[in-house]
Amino acid sequence: MKADKNVYGKLFLSSFGLSAFTFGGGYVIIPLMKRKFVEELHWLEEEEMLNFTAIAQSSPGAVAANAAVLVGYRVAGLPGALTAVLGTILPPMIVLSVISLFYTAFRESLVVAAVLKGMRAGVVAVIADVVYTMGRGVFKEKRISSVLVMAAAFLAAWAFGVNVIFVILACGLFGALRAIADAKRGKLQ
C-alpha cells in the first residue's frame, strides 16, 4: 500500500497527540482513536475500528500500541504501522523518563497526588463511554449470540471472578468458531 508523505505526518501527529493526552491505559484511548480516525479523518469505518479494538485487546501487549499498529497498517501499510506505533509510544516514554528523573519530588507532592486522584474520575468516565460504545455496536449487530457472549463475559469476570485471560480466550474461541461457521454458510467474503 502506498501512501503520500502527508498521511504519515497526520498519522504520527494524531497518534502522538492521542497518546500524549490520554491517561488510563488502552481502554481510554480507543474511543478517542475512533473519534479521530473514523469520524474526523474518515480513514476507517466504525465496524473496522470495533474489529481492531477486539484484536488489540486480545493480542499480547499494550492495547493502545496494538490498536495503533492495526490502524497504521490499514491506513499506510507497514510504514504506517511503524509511524503510528512510534507516535503512540513516544509520549509515555518521554513522560516516564521525566518522572523517573524527578521521582522523589513528585512522590511527596500534594499537587501531583490531587491531579492523579482527579484523573481517576476522568478515566472512569472514558471507560464507561467505551463500554457504552462497544455495547451499542454489539446490539446493532442484532445477533443474539453476540449479546449473550457479551453478557456471559461480563458476568464471568465481574460476578464470578474468572481471570480476564480466560474470558478473552473463550470469547476468541467463540468468535473463531462463529467465523468458521459463517464462512461455511457463505456469510463472509
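Okay, a definition to begin: I'll call a residue buried under 20% relative accessible area, exposed over 50%, and partly exposed in between, with a 1.4 Å probe and protein chains only. By that rule Glu 141, at 38%, counts as partly exposed, and we'll get back to that residue.

Quick housekeeping. This is a predicted model, so local features need pLDDT of at least 70 and side-chain atom pairs count only at pLDDT 80 or more, while totals for chains, interfaces and linings use all residues. Residues are numbered from 1 along each chain as its sequence is written, and side-chain values use heavy atoms, with hydrogens and water left out.

Let's go inside. By nonpolar core I mean buried Ala, Val, Leu, Ile, Met, Phe, Trp, Tyr and Cys residues joined through side-chain atoms within 4.5 Å. The largest one here has 21 residues, and the members touching the most others are Met 33, Phe 37, Trp 43, Leu 44, Met 49, Val 71 and Val 75. Two or more residues each come from helix H1 (5–20), helix H2 (26–40), helix H3 (46–58) and helix H4 (63–101). H4 gives the largest share, 8 residues. Helices, by the way, are DSSP runs of H or I with at least four residues, strands are E runs of at least two, and both are numbered from the N terminus.

Take Val 71 as an example. Not counting residues up to four places away in sequence, Val 71 touches Met 33, Phe 37, Leu 44, Met 49 and Phe 52; contact here means heavy atoms within 4.5 Å.

So what does Gly 80 contact, leaving aside neighbours within four places in sequence? Tyr 8, Leu 11, Gly 72 and Tyr 73. Gly 80 lies in H4 and is buried, because its relative accessibility is 0%. Thr 53, over in H3, counts as buried too, at 1%. With the neighbours within four places set aside, Thr 53 contacts Ile 30 and Met 134.

In soluble globular proteins, nonpolar side chains tend to be buried together. Here, though, there's a nonpolar surface patch of about 850 Å², made by Ile 94, Val 95, Leu 96, Val 98, Ile 99, Leu 101, Phe 102, Tyr 103 and Phe 106. Patch residues have over 30% relative accessible area and no salt bridge; like charges are joined within 9 Å, and nonpolar side chains (Val, Leu, Ile, Met, Phe, Trp, Tyr) within 5 Å. The areas come from the Shrake-Rupley method with a 1.4 Å probe, and for residues only the protein chains shown count as cover. H4 and helix H5 (103–107) each supply at least two patch residues, with H4 giving the most, 6. Leu 101, in H4, is exposed at 66%.

Last up, salt bridges: a side-chain nitrogen of Lys or Arg within 4 Å of a carboxyl oxygen of Asp or Glu. The whole structure has 7. Here's Glu 141 again, paired with Arg 178, closest N and O atoms 3.4 Å apart. Glu 141 is in helix H6 (residues 110–141) and Arg 178 in helix H8 (residues 164–184), so the bridge ties together parts 37 residues apart in sequence.

Glu 39 and Lys 34 also meet, at 2.9 Å, N to O. Glu 39 is partly exposed at 42%, whereas Lys 34 is buried at 11%.

And Asp 182 bridges to Arg 185 at 2.6 Å, N to O. Through shared partners, salt bridges join Arg 143, Asp 182 and Arg 185 into one network. Asp 182 is buried at 6%, while Arg 185 is exposed at 53%.
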